[in-house]
Amino acid sequence: MLTVASLSRAELAARLAGPGLSVQTGPFVSRIHSPIDRIAEGIATLYGDYPLRALDDFADFHVHMRRSGGVRRWYRPQVSFDIDGLVPFEPLPQAHAFPMLEWALNWCISTRAHAYLMIHAAVVERDGLAAILPAPPGSGKSTLCAALVSRGWRLLSDELALIRPQDGLLVPVPRPISLKNRSIDVIRGFARDPVISRPVENTTKGTVAHVKAPSDSIARAHESARPAWIVFPKYEAGAATSLEPIARARAFFRVAENAFNYSPLGAVGFNTLADTIDRTAIYDFRYSQLEEAIAVFASLEPPAP
């Protein structure tokens with residue numbers, strides 16, 4: 001199967017600016033259109049291992065990243081995102097084009113993939129068992145996720161836990177891991193030869209860069225995984241590493257608060273989440289040292305069947 005890396009940089013840019021680039025990420029195919037160089041640069045850096053799809057294949061999302069017109073084309077140029085005629089975001093400076101594409105792809109999934117119970121969480125897997133890491137922004141979720149996948153855990157997602165109601169399994173959608181501010185240098189120093197996109201400064205989230213998903217995680221994107229642990233991570237500078245079990249009833253509501261579509265799914269959402277809670281071991285996790293965090297995750301015991 002051809003991958004994005006089979007295209008030269010000129011071919012990649014021509015497809016983006018012309019008929020579009022169809023890329024498969026997990027269960028989704030996105031057809032991306034954009035004449036903006038920073039989009040081509042980000043895709044060339046981070047998406048080389050992803051399968052290419054033919055233009056006559058079905059695409060779930062038709063994403064356009066456009067230059068703003070008028071005087072904006074020349075004065076403080078901006079980028080806008082639209083899908084199926086909808087423009088859900090305000091334009092951003094053109095220098096923010098690649099982070100905006102990543103946010104746009106997350107938005108496409110979180111607003112449309114209601115075949116799954118979707119939780120705002122990173123997900124990593126080892127030996128067929130997955131750890132779900134639900135957390136609000138600023139909790140150190142993505143930093144911990146990037147550290148874990150750099151030490152042998154498989155990346156299922158940095159942002160979206162997709163639980164299939166039919167069997168309760170997690171469906172991978174491995175895409176680049178978003179890092180912010182100090183976390184960028186932390187992972188540069190911690191991971192072995194990480195591939196990281198050019199940092200983009202002064203976004204609404206500060207300085208943002210993305211870490212390339214491991215090639216093995218992309219190649220195994222068709223392999224679902226069984227939820228085994230739910231871990232609520234929290235980075236605190238100087239904190240001692242701690243892993244504390246929490247009650248299932250309390251965990252249920254905390255996970256539901258992090259779900260994008262728990263309420264719209266109704267009984268399906270309730271039953272899927274309840275089943276996931278029943279089958280997993282659940283913890284609060286505090287950390288400040290990544291090496292200690294890696295050791296704690298390596299020691300996690302599978303829950304009783």
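**Salt bridges and their surroundings**

A: There are 17 salt bridges in the structure. The model is a predicted one. Side chains of opposite charge can pair when their charged atoms come close.

Start with arginine 220 and glutamate 125. Their side chains form a salt bridge, at 4.0 Å from N to O. This pair connects distant parts of the chain, 95 residues apart. Arginine 220 sits in the loop between helix H6 (215-219) and strand E15 (226-235). Glutamate 125 belongs to strand E7 (residues 117-126). How open are the two partners? Arginine 220 has a relative accessible area of 24%, so it counts as partly exposed. Glutamate 125 has a relative accessible area of 4%; buried means under 20%, so glutamate 125 is buried.

Next comes arginine 151, which makes a salt bridge with glutamate 291. Here the closest N and O atoms are 3.4 Å apart. Arginine 151 is partly exposed, at 25% relative accessible area. Glutamate 291 is partly exposed as well, at 49%.

Aspartate 167 is partly exposed, with a relative accessible area of 34%. Arginine 164 is partly exposed at 26%.

Some salt bridges share partners. Through them Glu125, Arg154, Asp216, Arg220 and Glu223 are joined into one network. The pair of arginine 220 and glutamate 125 described above belongs to this network.

Rolling a probe the size of a water molecule over the atoms shows where empty space is left. The largest pocket has a volume of about 840 Å³. It is lined by 36 residues, and the closest to its centre are Lys141, Ser142, Glu159, Ser178 and Lys180. Which elements supply at least two residues each to this lining? Helix H3 (97-112), H4, strand E12 (177-180) and helix H5 (182-190) do. H3 gives the largest share, five residues. By type, the lining divides into 14 nonpolar, 14 polar and eight charged residues.

The second largest pocket holds about 210 Å³ of space. Its lining has 14 residues, and Ser150, Arg192, Pro194, Lys212 and Pro214 are the closest to its centre. This lining divides into nine nonpolar, two polar and three charged residues.

Last, look at a sheet. Strands of a sheet pair through backbone hydrogen bonds, either parallel or antiparallel. Six strands make up an open sheet with mixed pairing, in the order E3-E1-E2-E4-E5-E6. Strand E3 (52-53) and strand E6 (92-93) are the edge strands, and each pairs on one side only. Within the sheet, strand E1 (residues 21-25) and strand E2 (residues 28-33) run antiparallel to each other, paired over five bridges. To find this pairing, look for leucine 21, which stands opposite isoleucine 32 in E2.

Conventions. Residues are numbered from 1 along each chain as its sequence is written. This is a predicted model: local features need pLDDT of at least 70, side-chain atom pairs count only at pLDDT 80 or more; totals for chains, interfaces and linings use all residues. Side-chain values use heavy atoms; hydrogens and water are left out. Helices (H or I, at least four residues) and strands (E, at least two) are DSSP runs, numbered from the N terminus. Buried means under 20% relative accessible area, exposed over 50%, partly exposed in between (1.4 Å probe, protein chains only). On a 1 Å grid over the protein atoms alone, a cavity is a set of points where a 1.4 Å probe fits but cannot get out, and a pocket is an open set with protein on both sides within 12 Å along at least five of seven lines; lining residues have an atom within 4 Å of a point. Grid points are joined across faces, edges and corners, and a volume is the space filled by probe spheres set on the points. Ala, Val, Leu, Ile, Met, Phe, Trp, Tyr, Cys and Pro count as nonpolar, Asp, Glu, Lys and Arg as charged, and the others, Gly among them, as polar. Two strands pair if DSSP finds at least two bridges between them.
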